[in-house]
Amino acid sequence: MTTDRILIFDTTLRDGEQSPGCSMNLEEKLRVAAQLEALGVDIIEAGFAIASEGDFEAVEAVARQAERAIVASLARANRADIERAAQALKPARRPRIHTFIATSPLHMKVKLGKSPEEVLEAIRESVTFARNLVEDVEWSAEDATRSEPDFLARAIETAIRAGASTINLPDTVGYATPETYGALFRDMLNRVPNADKAIFSTHCHNDLGLAVANTLAAVMAGARQVESTVNGIGERAGNAAVEEIAMALRVRHDVLPFRTGIVTTEITRASRLVSAVTGMQVQPNKAIVGANAFAHESGIHQDGMLKDAATYEIMTPESVGQAQSSLVLGKHSGRAAFRDKLAQLGYSLADNEFADAFRRFKDLADAKKQVFDEDIIALVDDEVLRGHDRIQVSEVEVYCGSTGQARAILTLSVDGEEKMAAAKGTGPVDALFKAVRAIVPHPEAHLLRYEVAAVTAGTDAQAEVSVVLGEAGRTARGVGAHTDTLVASARAYVNALNKLLVKRGRSALAA
Ligand SMILES: [Zn+2]
């Protein structure tokens with residue numbers, strides 16, 4: 001391998017969406033896919049076409065929308081999966097089938113019930129079959145890091161001979177260390193006779209907090225594609241975070257001399273969008289995209305920063321697309337100022353979305369003197385991204401206090417139809433949630449978590465409520481924002497319920 005260009009394979013819509021509590025509807029996936037193209041990823045894994053009708057439609061819609069990126073669908077090593085993937089990818093300009101099978105002794109025996117020879121035969125058949133349907137086939141050795149090296153080398157050789165042009169060696173269980181993962185790539189690249197006919201790819205999970213370090217070690221060893229997600233979301237502890245990989249390669253180009261196509265100034269926008277649509281907030285101390293990533297609090301640091309930012313800053317907030325916070329909006333700010341602010345924060349809204357967001361901004365400015373960037377982000381995320389939910393909160397009325405039982409009267413719009421219910425509860429939140437249940441019964445679901453945070457300082461701040469619902473082993477997370485905590489609570493609960501409806505449509509398939 002002589003090239004220094006690293007391909008970014010984004011799996012936010014597939015592995016990322018498998019995060020506990022995550023789910024995205026079709027409109028949300030299309031919005032994320034558009035932002036992934038703006039971010040400059042090379043390949044978008046849009047889903048697992050055979051997993052459900054919803055997944056199939058999402059892969060097909062992303063395939064139709066993508067202008068530049070390769071669009072991939074995941075498929076197990078069987079004809080039905082591969083045919084379904086190819087069908088969903090029909091509208092793609094550049095389709096890729098990503099097929100996988102486990103190669104570790106434990107997985108082959110326990111999960112597949114196949115002998116190593118049978119697994120080799122399955123690789124030969126599945127990759128050949130996929131290649132008859134599309135040009136571009138990626139093959140993954142699931143649980144590669146716990147596979148026996150001699151067998152793994154034979155499996156890779158088989159896949160390449162059958163026509164796979166990308167070979168992915170996932171650390172499925174997050175067990176590798178940088179030394180062992182780098183050594184695996186070096187070993188396979190040396191030992192597999194036709195290794196030069198494929199691009200080798202990483203796929204790291206963060207169970208030990210090593211996903212990005214492992215990814216970079218493999219790049220140093222010859223990998224030229226990395227699989228990653230925005231904000232590092234994914235199964236269990238998540239995947240390698242694309243923003244960390246891209247910035248590590250950029251800031252430390254002296255020791256990591258590789259390029260990606262990532263437009264780093266789109267990072268913040270992508271991070272915000274993904275956390276808004278998934279409800280998975282980024283921890284404040286998260287590298288690159290956390291709220292504190294560029295905050296300096298110690299006096300010595302602040303003093304140094306004022307003299308020269310380079311004293312304590314290895315990269316600028318602007319380089320990852322963080323707008324310098326400037327203008328604070330208020331009650332007298334008009335459409336133009338609001339539009340400017342949205343553009344500065346990285347939002348581009350359709351006319352009807354803008355009208356709705358502006359109306360809510362005016363209400364907010366009436367309730368609250370100063371409207372900060374954080375307020376606008378919470379408001380737009382809440383307003384715009386809920387626009388496609390089947391169930392929406394129309395009106396909330398609550399009676400509560402130290403005398404008598406709390407009561408709530410709630411109106412929801414369900415598939416466009418207004419429905420009202422009243423309920424009593426031990427407190428206003430309980431009464432509200434019972435009213436939601438009265439309108440849209442969901443007896444199997446239970447409330448797992450309810451959290452309130454203030455978007456900014458001050459008693460007039462907007463409340464941001466997050467709710468997690470659980471149902472038959474599935475979890476769904478919803479978020480809602482409003483100056484009234486109870487309205488925010490109703491919005492968050494209903495948002496989680498919408499997510500649960502999306503998840504119900506999906507079978508228990510996962511990889
Ligand atoms: Zn994974």
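Predicted model: local features only at pLDDT ≥ 70, side-chain atom pairs only at ≥ 80, totals over all residues.
**Figure 1. The largest nonpolar core.** The largest nonpolar core holds 92 residues. Trp139, Ile156, Ile167 and Leu169 are the residues with the most contacts inside this core. Domain 1 (7-278) and domain 2 (292-322) both contribute residues, so the core lies between the two domains. Another core lies apart from it and has 30 residues, including Val465, Val467, Leu486 and Ala492. In soluble globular proteins, nonpolar side chains tend to be buried together.

**Figure 2. The aromatic pair Phe338 and Phe358.** The count of aromatic pairs in the model comes to eight. One of them is the tilted pair of Phe338 and Phe358, with 5.6 Å from centre to centre and 55° between the planes. Phe338 belongs to helix α12 (residues 335-344) and Phe358 to helix α13 (residues 351-367), and the pair links these parts of the chain across 20 residues. Phe338 is buried, its relative accessible area being 0%. Phe358 has 9% relative accessibility and therefore also counts as buried, the limit being under 20%. Ring pairs join Phe338 and Phe358 with Phe354 and Phe361 into a cluster.

**Figure 3. The aromatic pair Phe433 and Tyr493.** The rings of Phe433 and Tyr493 form a tilted pair, 4.2 Å centre to centre, with 35° between the planes. Phe433 is part of helix α15 (residues 428-439) and Tyr493 is part of helix α16 (residues 485-504), so the pair ties together parts 60 residues apart in sequence. Phe433 counts as buried at 7% relative accessibility. Tyr493 is buried as well, with a relative accessible area of 1%.

**Figure 4. The largest pocket.** The space in the largest pocket is about 1400 Å³. Its lining consists of 49 residues, of which Arg272, Val289, Ala291, Glu374 and Ile377 are the closest to the pocket centre. The elements giving two or more residues to this lining are the helices and strands labelled α10 (267-278), α14 (373-385), β14 (446-454) and β16 (474-482).

Figure 5. Strand β1 (residues 7-10) contains Phe9. Phe9 is buried, with 0% relative accessible area. The C-alpha atoms of Phe9 and Ser228 are separated by 6.4 Å, while the two residues are 219 residues apart along the chain.

Figure 6. Most residues other than glycine have a negative phi. Arg236, which is not a glycine, has a positive phi of about 50°. Arg236 is placed in the loop between β8 (225-228) and α9 (242-251). The relative accessible area of Arg236 is 45%, so this residue is partly exposed. Asp415 likewise has a positive phi, near 50°, in a residue other than glycine. The loop that holds Asp415 runs between β12 (406-414) and β13 (417-425).

Notes:
Residues numbered from 1 in each chain as written. Heavy atoms only, no water. Core = buried A, V, L, I, M, F, W, Y, C linked by side-chain atoms within 4.5 Å. Buried < 20%, exposed > 50% of the residue type's maximum accessible area, 1.4 Å probe, protein only. Domains from an automatic or database assignment. Phe/Tyr/Trp six-rings, centres within 6.5 Å; stacked < 30°, edge-to-face > 60°. Helix = DSSP H or I, 4+ residues; strand = E, 2+ residues; numbered from the N terminus. 1 Å grid on protein atoms, 1.4 Å probe; cavity = no way out; pocket = protein on both sides within 12 Å on 5 of 7 lines; lining within 4 Å. Points joined across faces, edges and corners; volume = space filled by probe spheres on them.
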